[in-house]
Amino acid sequence: MAHLTQNPADKERFICLYPVYINSKKTLAEGRRIPSEKAVENPSCTEIRDVLTAAGMNVYMENKMHPREWNRDVQFRGRVRVQLKQEDGKLCQEKFSSRKAVMIYVAEMIPKLKTRTQKSGGGDTSSQQGEGGKKSKKKKK
């Protein structure tokens, strides 16, 4: 397996972040990786990229799908790769010591983006209803 490198600065060694990981609308089974109270509603790849670029991280986007994402919509497509460590193995930034730290930071910062603050006119409380009818599926015998 000579193609896999140990060099953390190689693009293949960057960590992958799918929007699903920080989506408050997803369950853990659907791929969410952080607590729902810290997560963001329907984040996009461009938002993740913008936040991490603003934080000074080395980031690039890929046109990939999360395996558990059933919705093939363009808005759910994409994956962001982030460089956590430099070539010598040191962290690029101390505050991003792990994948989870990056996810939580991104989830905190996305609601503060200009695109988010302008769109929501305080009417996002009504959008949370109508979601509860999905869980009560029982198998018919």
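Visitor: What does the secondary structure of the protein chain come to?

Guide: Three helices and three strands. These are DSSP runs, numbered from the N terminus: helices are H or I with at least four residues, strands are E with at least two. The pattern along the sequence is β-α-β-β-α-α.

Visitor: And where does the model come from?

Guide: This is a predicted model, where local features need pLDDT of at least 70, side-chain atom pairs count only at pLDDT 80 or more, and totals for chains, interfaces and linings use all residues. Residues are numbered from 1 along each chain as its sequence is written, and side-chain values use heavy atoms, with hydrogens and water left out.

Visitor: Fine. How much of the protein chain do buried residues make up?

Guide: They make up 37% of the 141 residues. Buried means under 20% relative accessible area, exposed means over 50%, and partly exposed is in between, with a 1.4 Å probe and protein chains only.

Visitor: What share of the contacts is between residues 24 or more positions apart?

Guide: Of the contacts with a separation of 6 or more, such residues account for 61%. A contact means heavy atoms within 4.5 Å.

Visitor: Let's do helix 2. Which residues in it are buried?

Guide: Helix 2 covers residues 99-109, and its buried residues are Val102, Met103, Ile104, Tyr105, Val106 and Ala107.

Visitor: What covers them?

Guide: The cover includes strand 1 (15-17) and helix 1 (45-54).

Visitor: Are Tyr18 and Tyr21 buried or exposed?

Guide: Tyr18 is buried at 10% relative accessibility. Tyr21 is buried at 6%.

Visitor: And what is the ring geometry of Phe96 and Tyr105?

Guide: Their ring centres are 4.9 Å apart and their planes are at 70 degrees, so Phe96 and Tyr105 are edge-to-face. Phe96 is buried at 1% relative accessibility. Tyr105 counts as buried at 17%.

Visitor: Back to Tyr21. What lies over its face?

Guide: Arg33, at 4.0 Å from the ring centre. The rule for a charge over a ring is NZ of Lys or CZ of Arg within 6 Å of the ring centre and within 35 degrees of the ring normal.

Visitor: Switching to salt bridges. How many does the structure hold?

Guide: Six. Each needs a side-chain nitrogen of Lys or Arg within 4 Å of a carboxyl oxygen of Asp or Glu.

Visitor: Which residue meets Arg79 in one?

Guide: Glu62, at 2.6 Å from N to O. This pair links distant parts of the chain: Glu62 is in strand 2 (residues 59-62) and Arg79 is in strand 3 (residues 79-82), 17 residues apart. Both Glu62 and Arg79 are buried.

Visitor: What else does Glu62 bridge to?

Guide: Arg81, with the closest N and O atoms 3.8 Å apart. Arg81 lies in strand 3 and Glu62 in strand 2, so the bridge ties together parts 19 residues apart in sequence. Arg81 is buried too, like Glu62. Glu62, Arg79 and Arg81 are linked in a network of salt bridges.

Visitor: What about Arg49?

Guide: Arg49 bridges to Asp50, with the closest N and O atoms 3.3 Å apart. Arg49 is partly exposed at 31% relative accessibility, and Asp50 is partly exposed at 36%.

Visitor: Last one. What is phi of Asn42?

Guide: Near 45 degrees, a positive value in a residue other than glycine. Most residues other than glycine have a negative phi. Asn42 sits in the loop between strand 1 and helix 1, and is partly exposed at 28% relative accessibility.

Terms used:
Rings of Phe, Tyr and Trp (its six-membered ring) pair if their centres lie within 6.5 Å; planes under 30 degrees apart count as stacked, over 60 as edge-to-face and the rest as tilted.
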